[in-house]
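This report describes selected local features of a predicted model.

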Amino acid sequence: MKHKLLAYYKHSLEQAAPPSPSQLSDYYWFKVDFQDDWIGIQKREIDGSQLELLKACYDFFQPDETLEKEEYAWNQYLYFNGEQPSFKNMETVRFIQFHIKGDTASIERKLIESAFDGFIHENSLIIWNGSNEGAVIEQNAQYLEEEDFTALAQALQSDFFFSICFYMGKELKLNSSIPVIFGQERNLFSKGLAFMPKSTVLSLETILPNLLISRLKEDELDLFKEWFSIFEEDKELLLTIKTFIENNGHSTNTAKQLFIHRNTLQYRLDKFTEKTGLNLKNYHSYITTYLACLFYTSGK
């Protein structure tokens with residue numbers, strides 16, 4: 001298809017990088033596949049209906065010129081493989097990507113950013129990629145904790161009536177691989193949104209177990225169905241074991257979260273061990289059981 005486009009539009013351009021500002025005035029630009037492959041079509045060669053069709057088929061390059069200069073530079077660097085922005089006074093960086101679920105068209109972006117400003121550090125930047133996704137750029141170990149982003153999500157939902165999910169990336173040294181790692185984290189985030197649509201804060205640690213489960217073959221999944229058939233029969237026990245593991249085996253916290261007595265919790269833990277032969281004090285049993293919990297709670 002790419003070659004047909006180049007042949008049909010005689011004066012079109014092809015290049016491996018996003019367009020420079022000087023190339024935007026005379027050309028419409030499209031990313032035609034998942035590689036760094038961009039095609040520019042002269043505006044005078046294309047009519048309105050053709051433009052709308054190409055927009056529906058390919059990623060249309062439309063830089064957000066409403067961003068401040070520094071934010072714009074980071075936007076181009078991370079999302080469009082643009083030039084590296086200034087790293088002045090920066091030693092480390094961490095990206096907190098976010099995805100808003102719902103329509104934000106009627107909400108001014110500055111109002112949303114003002115809510116962010118009440119939580120994030122003053123040296124952090126907020127960049128956008130469209131109206132529903134973007135990233136907070138934290139720097140020099142001035143990082144928020146998971147509970148801070150949970151509180152921010154609750155505040156946004158209360159103020160603007162939309163839900164938001166955050167992905168907490170890892171601290172990075174400043175080097176040329178930053179856009180690559182950002183893209184990998186963005187891809188993992190999209191998988192996490194599919195696996196855990198009700199989650200507020202995601203990370204590599206929370207997504208990876210679900211990703212592993214999703215890649216098991218049917219005959220491998222049969223092992224879970226055999227060993228953990230009790231979870232199919234007893235959803236209450238499934239919830240108990242999953243909550244127990246997510247509370248790091250802390251009985252008091254688990255019982256409190258489930259609104260049950262500790263003796264009731266212990267009865268259910270003993271029942272699980274009796275039915276499966278797995279002791280949750282064993283490290284390997286702990287991991288395997290948690291993967292089974294994810295499998296049964298995923299609805300597969």
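## Nonpolar surface patch

Leu204, Leu208 and Leu212 together make a nonpolar surface patch of about 240 Å². Of these residues, Leu208 has its place in helix α7, which covers residues 204-214, and with a relative accessible area of 36% Leu208 is partly exposed, because the range between 20% and 50% is what that term denotes.

## Four-stranded sheet

The model also contains an open sheet of four strands, in the order β1-β3-β2-β4, whose pairing is antiparallel. Its edge strands are β1 (13-15) and β4 (59-60), each of which pairs on one side only. Strand β2, made of residues 27-31, runs antiparallel to β4 and is joined to it by two bridges, and Lys31 stands opposite Asp59 in β4.

Helix α2 (residues 48-57) packs on this sheet, where it touches β2, β3 (38-42) and β4, and the direction of the helix makes about 25° with that of β2.

## Positive phi in two loops

Most residues other than glycine have a negative phi. Asn140, which is not a glycine, has a positive phi near 55°; Asn140 lies in the loop between β7 (133-139) and α5 (146-160), and its relative accessible area of 27% makes it partly exposed.

Phe259, likewise not a glycine, has a positive phi of about 60° and is found in the loop between α11 (251-258) and α12 (262-276). At 78% relative accessibility, Phe259 counts as exposed, since the cut-off for that term is over 50%.

Terms used:
Residues are numbered from 1 along each chain as its sequence is written. This is a predicted model: local features need pLDDT of at least 70, side-chain atom pairs count only at pLDDT 80 or more; totals for chains, interfaces and linings use all residues. Side-chain values use heavy atoms; hydrogens and water are left out. Two strands pair if DSSP finds at least two bridges between them. Contact means heavy atoms within 4.5 Å. Axes are lines fitted to C-alpha atoms, for helices over the stretch in contact, and angles run from 0 to 180 degrees between N-to-C directions. Patches are made of residues with over 30% relative accessible area and no salt bridge: like charges are joined within 9 Å, nonpolar side chains (Val, Leu, Ile, Met, Phe, Trp, Tyr) within 5 Å. Accessible areas come from the Shrake-Rupley method with a 1.4 Å probe; for residues, only the protein chains shown count as cover. A salt bridge is a side-chain nitrogen of Lys or Arg within 4 Å of a carboxyl oxygen of Asp or Glu. Buried means under 20% relative accessible area, exposed over 50%, partly exposed in between (1.4 Å probe, protein chains only).
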